[in-house]
Amino acid sequence: MKIFFNRYLAGLVFLLVLTLSVYAGDKAPVELKLVPGGVKGDHVLAGLLITIPQHWHVYAPTPSQEETAGFEPTITWETSSNLQNAKVLWPVPHRTEIQGQTSYIYEGQVLIPLQLTPHHIKDPLSLNLKISLLACSALCVPIEETLSIILSPNEKEDQVFNAAKDWEKSYEGLSLLSLLLIALLGGLILNFMPCVLPVLSLKIMSL
């Protein structure tokens, strides 16, 4: 009995060491960086640049109320100074299926714009972000990092931020007019689909 217990304990220790070694080998595969975005009106802009290696993905916020897999990211900024309010402009994620369940993810290099409202626009803004993400490949790794940057009123846009001008296409930034135009376009396409044309012709004949 004692020999069995010792072997059982040794097996548990071996599995623990093996798990930790696998985790350590895949730890922190995602790079996070803050970049300045300049000043826009009464707001100071910044960007959270996420670099995701090949065969990895990061779970994104779900833009609807549907049940999805994964862990939504969180960004908090309570310890920042000269910051009245902050808005995260999440880019539109990639919708996919992982193990048969709908998921929204980011892949490659993603810039998440931050719209910051300072107390005093002419004073420097010290931004401290705490980021929680879930990165997955064959193994899922939770990532928690705290990043800091000081943004001055005359700060110019970073080249990376300047190159990502499509940040205004985030699903939070879709206007009502844009949604109406999309719906109108969808209706026109539906009315001219081949499967709908016979129905329309029958209605015309009946009239």
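**Disulfide, burial and fold**

Visitor: How many disulfides does the rule count here?
Guide: This is a predicted model, in which local features need pLDDT of at least 70 and side-chain atom pairs count only at pLDDT 80 or more, while totals for chains, interfaces and linings use all residues. Residues are numbered from 1 along each chain as its sequence is written, and side-chain values use heavy atoms, with hydrogens and water left out. A disulfide is a pair of cysteine sulfur atoms within 2.5 Å. Cys136 and Cys140 are joined in this way, S to S 2.0 Å, and the count is one disulfide.

Visitor: Which handedness does the disulfide of Cys136 and Cys140 have?
Guide: The torsion about the S-S bond decides this, and for Cys136 and Cys140 the torsion is about 110°. The disulfide is therefore right-handed.

Visitor: Is Cys140 buried, partly exposed or exposed?
Guide: Buried means under 20% relative accessible area, exposed over 50%, and partly exposed in between (1.4 Å probe, protein chains only). Cys140 has 40% relative accessibility, so Cys140 counts as partly exposed.

Visitor: Which residues does Ser132 contact, leaving aside neighbours within four places in sequence?
Guide: Ser132 lies in strand β9, residues 125-136 (strands are DSSP runs of E, at least two residues, and helices runs of H or I, at least four, numbered from the N terminus). At 10% relative accessibility, Ser132 is buried. With contact meaning heavy atoms within 4.5 Å, the residues are Pro73, Thr74, Ile143 and Glu144.

Visitor: How many helices and strands does the protein chain have?
Guide: Along the sequence the pattern runs α-β-β-β-β-β-β-β-β-β-β-α-α-α. That comes to four helices and ten strands.
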